[in-house]
Amino acid sequence: MSEQVKEVVVSFTRKIPLVEHTCPVCRTAFKGANIKVYCSETCRKAAAWDRNGDKYNAGRKKGTESK
């Protein structure tokens, strides 16, 4: 005799309060979660490029140098 397992669908809504922020790249005001820093993916990538641009360029140049 095999036992049947009863499955129940559970769903919930997570409520995260929105906080007023200012994007450090473009200075746009936006609302987001507490951990949100940038207003968009574009600004996030621009900030990463500003922080690490030399590393990115060094890696790109390394691949194109002739041996």
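Where is His-21 placed? In this predicted model, His-21 sits in strand S1, residues 19-22.

I'll start with the strands. S1 runs antiparallel to strand S2, residues 29-32, and four bridges join the two. Together S1 and S2 make a hairpin, with six residues between them.

Now the loop. Arg-27 lies in the loop between S1 and S2. Its phi is positive, near 60°, and Arg-27 is not a glycine. For context, most residues other than glycine have a negative phi. Is Arg-27 buried or exposed? Arg-27 has a relative accessible area of 62%, so it counts as exposed, the cut-off being over 50%.

Back to His-21. Its relative accessible area is 16%, and it is therefore classed as buried, since the limit is under 20%. A polar atom of the His-21 side chain lies 3.0 Å from the backbone oxygen of Ala-33. Setting aside neighbours within four places in sequence, His-21 is in contact with Thr-28, Ala-29, Phe-30, Gly-32, Ala-33, Asn-34 and Lys-36.

Which residues make up the largest nonpolar core? There are five: Cys-23, Phe-30, Tyr-38, Cys-43 and Ala-47. In soluble globular proteins, nonpolar side chains tend to be buried together. With neighbours within four places again left out, the contacts of Phe-30 include Val-19, Glu-20, His-21 and Thr-22. Cys-23 and Tyr-38 are also among the contacts of Phe-30, and both are members of that core.

Conventions. Residues are numbered from 1 along each chain as its sequence is written. This is a predicted model: local features need pLDDT of at least 70, side-chain atom pairs count only at pLDDT 80 or more; totals for chains, interfaces and linings use all residues. Side-chain values use heavy atoms; hydrogens and water are left out. Buried means under 20% relative accessible area, exposed over 50%, partly exposed in between (1.4 Å probe, protein chains only). A polar contact is a pair of N or O atoms within 3.5 Å; within protein, one must be able to donate a hydrogen and the other to accept it, and residues adjacent in sequence count only if both atoms are side-chain atoms. Contact means heavy atoms within 4.5 Å. A nonpolar core is a set of buried Ala, Val, Leu, Ile, Met, Phe, Trp, Tyr and Cys residues joined through side-chain atoms within 4.5 Å. Two strands pair if DSSP finds at least two bridges between them.
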